[in-house]
Amino acid sequence: MITWSEEITIDANIETVWELFKDKNITRIMPQVEEHALIEKEENEVGARHRQTYREGKRTETYIVTTTACEDREEHKLKEVTFTVGRAFDIKTSYTFQKLTENRTRLIYEGTNEGASVLGKIMLKIVRDKSNRKVVHDFLERVREEAEQEEENVRSES
């Protein structure tokens, strides 16, 4: 099993950062996601299910993402999802948003990737921790860049 817990401070309002995790913006922070379609319940409701298609190179994989926790408070927000990729990996991720100041947000990204089959367990033994940390770091940086750019756009429109 691979686990991670990383955080980043973003110079943007908590609502700006949270907005990036909504369905209409998900490809901005996850460019490999080609489709993210709601198929059950409401977007930020526990039990919501989305059909998601992910591309890596020439290969695409479609799976169901289920929201297992969701909180939307003024100073604290949380979204937690689970999904199984290719019957090989059970993945659980959570995104915690904490309002530090009016224009500063802490994002904590945590997750687990567990082998769901013998093949998945073998493949996870081969994956290097350094490689996984880079993927997590790159994701957090992409969120930071998108949020800070969005915040800059809002300021320049004012």
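Predicted model: local features only at pLDDT ≥ 70, side-chain atom pairs only at ≥ 80, totals over all residues.
Student: Why is I39 called partly exposed?

Tutor: The relative accessible area of I39 is 39%. Buried requires under 20% and exposed requires over 50%, so a value of 39% lies in between and I39 is partly exposed.

Student: How far apart are the C-alpha atoms of I39 and E102?

Tutor: They are separated by 34 Å, and the two residues are 63 residues apart along the chain.

Student: How do you know that strand 3 and strand 4 pair?

Tutor: Pairing needs at least two bridges, and 8 bridges join strand 3 (residues 49-56) to strand 4 (residues 59-72), so the two strands pair. They run antiparallel, and R49 stands opposite T66 in strand 4. The hairpin of strand 3 and strand 4 has 2 residues between the strands, and G57 takes a positive phi near 65 degrees there.

Student: What makes strand 5 a partner of strand 4?

Tutor: The cut-off is again at least two bridges; 6 bridges join strand 4 to strand 5 (residues 76-85), so these strands pair as well. They too run antiparallel, and form a hairpin with 3 residues between them. T66 has T82 as its bridge partner in strand 5.

Student: Which residues have the most contacts inside the largest nonpolar core?

Tutor: They are F21, L107, F139 and V143, in a core of 33 residues. Among the elements that give two or more residues to this core are strand 4, strand 5 and helix 4 (129-157). Helix 4 gives the most, with 5 residues.

Student: Which residues does V143 touch, not counting those up to four places away in sequence?

Tutor: V143 touches I10, V17, L20, F21, I29 and L107. In soluble globular proteins, nonpolar side chains tend to be buried together.

Student: How do the residues lining the largest pocket divide, and what makes a residue count as charged?

Tutor: The lining divides into 25 nonpolar, 11 polar and 9 charged residues. Asp, Glu, Lys and Arg count as charged, so E56, one of the lining residues nearest the centre, belongs to the charged group. The pocket has a volume of about 1400 Å³ and is lined by 45 residues. Helix 4 gives the most to this lining, with 8 residues.

Notes
Residues numbered from 1 in each chain as written. Heavy atoms only, no water. Helix = DSSP H or I, 4+ residues; strand = E, 2+ residues; numbered from the N terminus. Core = buried A, V, L, I, M, F, W, Y, C linked by side-chain atoms within 4.5 Å. Buried < 20%, exposed > 50% of the residue type's maximum accessible area, 1.4 Å probe, protein only. Contact = heavy atoms within 4.5 Å. 1 Å grid on protein atoms, 1.4 Å probe; cavity = no way out; pocket = protein on both sides within 12 Å on 5 of 7 lines; lining within 4 Å. Points joined across faces, edges and corners; volume = space filled by probe spheres on them.
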